[in-house]
Amino acid sequence: MLKNYLKTAFRNIKKYKLYSFINISGLAVGMACCILIFLWIQDEISYDRFHQHKDRLYRVVSSLEGEWTSTSPWAINDVLKKDFPEVIRSTRFRTFHFLTDRQEKSHYEDVGFVDLDFLHMFSFPLLRGDPETALSSRESVVITKEAAQRYFKNEDPLGKFLTVNNSIDLKVTGILKDVPSNSTLQFDMLAPVKLLGEEKLRTWALETSAYVMLEKNVSLQELRFKISGTTMKYDKRIENQTVVNDLQPISRMHLHGLNDAGGILYIYIFSGIAVIILLIACINFINLTTAKSGKRAVEVGMRKVIGAQRSHLIKQFFGEAVFISLVAFLLAILLVSLFLPSFNQLTQKQLTFDPVENSTLILILLGTALFTGIVSGSYPALLFSSFSPIQALRESGSLSFKSPVLRRVLVIFQFTVAVGLIFSAIVLQKQMTFIRNKDLGFDRSHVLRLPMNKDVQGHYQAFKQSLVKNADILNVTSATNTPLSIGNINPVYWEGRGPDQYEVMNFAAVDYDYFETFQMDLTKGRTFSRDFATDEKNYIINEAAVRFTGLGSPIGKLFSIWKREGRIIGVVKDFHSRSLHDEIKPVVFTLTTNWSHNYIFVRINPERIQPALQTVQSSWKQFASGYPFEYVFLDDVFERQYQTDQRMGLIINDFTLLAIFLSCLGLFGLASYMAERRTKEIGIRKVLGASVSSVALMLSKDFTRWVLIANAIAWPVAWYVMSRWMQNYAYRIRISWWMFFLAGGLALIIALLTVGYQSVKAATANPGDSLRYE
Amino acid sequence: MIKTENLKKIYTTEEVETTALNNVNLDIKAGEYVAIMGPSGCGKSTLLNVLGLIDKPTDGKYYFLETEVSAFSERRRANLRKSNIGFVFQSFNLIDELTVFENVELPLLYLGFSSSDRKKRVNDVLEQMEIMARNNHFPQQLSGGQQQRVAVARAVVARPKLILADEPTGNLDSAHGEEVMKILGELHEAGTTIVMVTHSPSYAEYANRTVHLFDGHIVSENIQEEFMI
């Protein structure tokens, strides 16, 4: 019997080539999308789960006045370990981008400074060396296999030395397996944290990240409660602030933001898209299969007359759907292998498709194929098997009339999704353009960012002088932050407030000429100036800070960070100190002249970029010969801030196109079926004098109506979803009416083009042929 | 074998009720060959469908093989059909996607015959119908007469006690029509009960009894003279 079913299925596929092509290719594309998205999701949720002790590892996080941060004080580790027996291991982890040398080879490496416990807590296995002793000596370093290749090629690295940051020689004591890409902790080398100085490690400056490993079977709730006041207890600088310490499971670090939803949002969005695309493909299958049910009616009727039970027929048609979905599935696997490289490029990942290695993948794949088969086969199976035998035999041509309501609903659903997706794509696109062109309150174009290092720091003044005397260089400054991202928070006080009336504010330490370099406007007062010896104690705040403090005339008012008292000398016009996701926050600038800043900024003449770069490079060689010349344009840094948004936008665009393509494929099949079914009617109408255009119009009318209904449903839903989405951006475009019409119009045009071809083909056919067809 | 008491069939659409069968009382003994005649729309096919258990009567009683079956579920009726009744239709109703062999084999598949038994039975009946040479062809590749012989082969392959033929010659020219009638005659001689709907008085003469239907009633029954005892 199975053979008989298979034969029937196979011959039906062969006989109705267009339908079969649409069904199989549609399902294959849908499944391929699901598989790709699944691989992406699988990779995203695999982050930090490869550690053997993952269930006992936590990141220490802190909140300062309700705002959570993952940076921790240096001193917290020792205290946690000492005070709480539940904490059995702990480590700090702070990376620096350090120049590393050996003989002629020099590269910038991410050096992670960690405690001895690090190698026992995390599963970063040593290929060579002993985890017990590898980092016990102060001047030791363990390096990844990849880094070892860079410096040692065929030599044995163990026992050899690397010069780090042009200042210290570290002995290689171990080789680590390369750090997996799905690790939040990324580094090329690990060195003992005590290298940074015992003094520093006793401070409560929020400058590192900290991790702990807990005893087995610890009551987490209780421990979280107990450790919450640790900073408050030990940090002597704190008097009246509220700092809360907490623990975050490491498996949540990648996807769960501390202050917002984080990456998990994308997991939900993409899961949704995968399901929608598969549903669209299933709907095509249901529509086309039921539409041509009339053609199977004789078979159904006859099988029943001969004695088939309803269950036989349900089994047969389910089987057929599952069979088709398995064929589609094989095709989908082919498609995935074909498109994985471009998908990797799109997502910036190195996903691999290896069902043999990846057992979850096999289950998901088979599940997808079965799910697709069952969903798409269920309605046809139930419908076909419900035909009464006489009805089936007698009305073989018109049985498909039985399901127009459902079919209408399904097509409308498809177009609702298409309109919604087009609309979302338009809004995202507009928002991205808006961000790119938004006036940020400072000028980021033609500004170079160079890393500050020991050499330049020592000769900063001379370096700056050598640059500014060149006409191609417009300004030079240095600072802890670019105006693009000022995130450090500190407690501040101002005139008229008591010692317990502090607030937290973002701050940046800058050199002279900072505001000039970034062409930021001052609305009141002046910028930092060499003419005033006391300026190192003074402050410049932004307008948001003026509003925040309520200081009517701020110039000359007392102000302090951590009780370091000075005066406000200037007010800078509001600018976007963070990404446009956030509102403009109060910011305060201080002047520091020990140049312990992170970056040097150079504004160059836009007309003479190449000569200016050469000037900077030659000065760099003169003052920082130990370091390679590396720079980035601030514009690129800015773009990177929205890289995730942009990449997600691209992916959503691509999947939108796919969803629309699949919907059209189904529509095309349906239209061709309807034209075929009405061939006789068209012939008669034409014999009676109907024109080509009136026939084409008649055939397109239904589809037009369906697309219009789809618009009516999609608009409010899409508006709601996108409004919610836009709330992620403090600065956003307004959703305007033309976007709805554009989305709806596009959907309608696409639908009419799809249907139009079939309609015109049917309408221009020779009426004699149309009538003979029946 | 077949007995109906006051059999009624009413079709209801939104506006009208149509009485297709009205108090039909019919008794057919095993081994009989009955022709049903009457004008279009008199209820011939409806009667055949009810007798063949592919349609339910609205009212009345229907005894098939001594069992009252009018209220049987579709499931039980399907079971009765597959082992007892063979159908031949005017429009052949062969499945286009199956070959001659596979079409004929189908009833045996639903009856659960083994592969070797199926092969033997199908080959035998195809020999008997003289279409063995065509067993790998698809229905569209055959003439009307050949198609109807395949349909008859399919109806008899499971050796049913009863064959119901709904205008089996309606789509055939006279030569092919004669051929099919000859085959039905041979089956009857071999002991099969046959009920046939026909328009043609000359084909009705093959039967040993003719039932005339008009407006859902049986208006007359006559037994062919040669069959009178």
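Tutor: Let us begin with a pair of strands in chain B: β1(B), residues 2-12, and β4(B), residues 59-64, run antiparallel and are joined by five bridges. Within this pairing, B:E5 of the chain has B:K61 in β4(B) standing opposite. The two strands belong to an open sheet of four strands, whose order in chain B is β2-β1-β4-β5 and whose pairing is antiparallel. At the edges of this sheet stand β2(B), residues 17-28, and β5(B), residues 67-68; each has a single partner strand, so one side of each is left without a neighbour in the sheet.

The model is a predicted one, and the confidence values should be read alongside the geometry. The average pLDDT of chain B is 89, and 98% of its residues score at least 70. For the complex, the predictor gives an ipTM of 0.82 and a pTM of 0.78.

In total, the secondary structure of chain B comes to seven helices and 10 strands. The radius of gyration of chain B is 18 Å, close to the 17 Å that the globule rule gives for 229 residues, so chain B is as compact as a globular protein of that length. Taken along the principal axes, the box filled by the C-alpha atoms of chain B is roughly 45 × 40 × 40 Å. As to burial, 47% of the 229 residues of chain B count as buried.

Contact between the chains involves 19 residues of chain B and 22 residues of chain A. On the side of chain A that touches chain B, at least two residues each are supplied by α1 (2-15), α10 (293-306), α11 (310-347) and α13 (389-394) of chain A. Of the elements of chain A, α10(A) gives the most to this side, with seven residues. By class, the side of chain A that touches chain B has nine nonpolar, seven polar and six charged residues.

Notes: Residues numbered from 1 in each chain as written. Chains lettered and ligands numbered in written order. Predicted model: local features only at pLDDT ≥ 70, side-chain atom pairs only at ≥ 80, totals over all residues. Contact = placed C-beta atoms within 7 Å. Nonpolar A, V, L, I, M, F, W, Y, C, P; charged D, E, K, R; others polar. pLDDT = per-residue confidence, 0-100. Pairing = 2+ DSSP bridges. Rg over C-alpha atoms; globule rule 2.2 N^0.38 Å. Buried ≥ 20, exposed ≤ 12 C-beta atoms within 10 Å, placed from the backbone.
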